[in-house]
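Visitor: Hi, I'm new to this one. Could you walk me through it?
Guide: Happy to. Let's bring it up and start with the ligand.

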Amino acid sequence: MRVLGIETSCDETGVAIYDSEAGLLAHALYSQIALHAEFGGVVPELASRDHIRKLLPLVSQVLAEAQLVATDIDAVAYTEGPGLAGALMVGACTGRSLAYAWGVPAVGVHHMEGHLLAPMLEVDPPAFPFIALLVSGGHTQLVRVEGIGRYRLLGESLDDAAGEAFDKAAKMLGLGYPGGPAVAKLAATGDPKRFTFPRPMVNRPGLDFSFSGLKTFTLNTVADCRGDGVLSVKDQADIATAFQQAVVDTLVIKCSRALQQENLSRLVIAGGVSANIELRQKLEEKLSKFGGKVYYPRPEFCTDNGAMIAYAGSCRLMGGASEGLSLKVRPRWPMDELPPVPSNQD
Ligand code: KG4
Ligand code: ZN
């Protein structure tokens, strides 16, 4: 089955074609970073309008790259939620219309299920069951994954998501949007011994996260260093290092705890923050001590992309998902509401 995947939930327009036998045939991404940069964050209305401009040209581009024509596509998958309502509507309307015109089925995909399954596109995919750490701009969740659609939420952030914390720390440091990559780059140059930031909630039992206290600590440290003047480049770098270390340590501690609690050794990390090199290295170091293994997508599939939506859509469609012609988007959509896909053992 050849599935055209469409991602428009936030500020990236992603399109891809996944073939259930041959694998990923083509993918293309247009990032709106430059469009939103001057506003310091995503402007939803501008995002929707830009998706409209870029989506159909990207569909033509991936068809050409895969050397296919419209009649070669067997189904269309698009992100139904969670995300920005207007941005989701562009992908949903376009995806459903193309499917109707081509006479093929269309399926709405959960964006976080897309992230969670993205490592399945790599050469050494994880076997079920595993623990997934989903770390994006809107979510920080630890999930036990038994199969596709068999998810048990073990813990999540009680306030800001990890990516959101990176974005806010970047703003405090006067860095651009999106903040995660900017903080990570600067953190590589800082002095790790100068500041020690708190590791929120690690001394309490359980698998929930909280990043708002860390945000306040960062803000206070910035204010102390700045005084009446401006933040020096060294201060910026040292704070970025301390902040990143605190987030990474917290995530590593909770991931190890989840693996131990669930008696599992495989960990998937996905979502934008999983592109963070420090996080990958620290997790690998920690898990190697007890024979665990970390799986993650290639860097361009950590952040939003069409390939993960095409893949998740193909799993859902091959698992029997079918939807009528009515169109809906779900800006809020808990992942444990998804139906399970029957596995070979069922
Ligand atoms: O998954 P994603 O592309 O979009 C959402 O679904 O939210 O994640 C975007 C988030 C942003 O908050 C961004 O700052 C963060 O991922 N991010 C990073 C890195 N690359 C992206 N955070 C830390 N380190 C990175 N290298
Ligand atoms: Zn995402």
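Predicted model: local features only at pLDDT ≥ 70, side-chain atom pairs only at ≥ 80, totals over all residues.

Visitor: How much of ligand 1 does the protein bury?
Guide: The protein buries 87% of the 550 Å² that ligand 1 exposes when taken alone.

Visitor: And how many residues surround it?
Guide: There are 18 around ligand 1, and the closest are His115, Gly137, Asp167, Gly180 and Asn276.

Visitor: What does glycine 137 do with the ligand's oxygen?
Guide: One of its backbone atoms, an N or O, lies 2.8 Å from an oxygen atom of ligand 1. Asparagine 276 uses its side chain instead: a polar atom there lies 3.0 Å from a nitrogen atom of the ligand.

Visitor: What kinds of residues make up the shell?
Guide: By class, the shell around ligand 1 has 12 polar, 4 nonpolar and 2 charged residues.

Visitor: Which helices supply residues to that shell?
Guide: Helix H4 (111-117), helix H5 (162-172) and helix H6 (179-187) each supply at least two.

Visitor: Changing topic: how do strands E2 and E3 pair, parallel or antiparallel?
Guide: Antiparallel, over 8 bridges, with E2 covering residues 12-19 and E3 covering residues 23-31. The two strands form a hairpin, with 3 residues between them.

Visitor: Which residue stands opposite isoleucine 17?
Guide: That's alanine 26, in E3.

Conventions: Residues numbered from 1 in each chain as written. Chains lettered and ligands numbered in written order. Heavy atoms only, no water. Near = heavy atom within 4 Å. Polar contact = N/O pair within 3.5 Å; in protein donor to acceptor, adjacent residues only side chain to side chain. Areas by Shrake-Rupley, 256 points an atom, 1.4 Å probe, with all protein chains shown as cover. Helix = DSSP H or I, 4+ residues; strand = E, 2+ residues; numbered from the N terminus. Nonpolar A, V, L, I, M, F, W, Y, C, P; charged D, E, K, R; others polar. Pairing = 2+ DSSP bridges.
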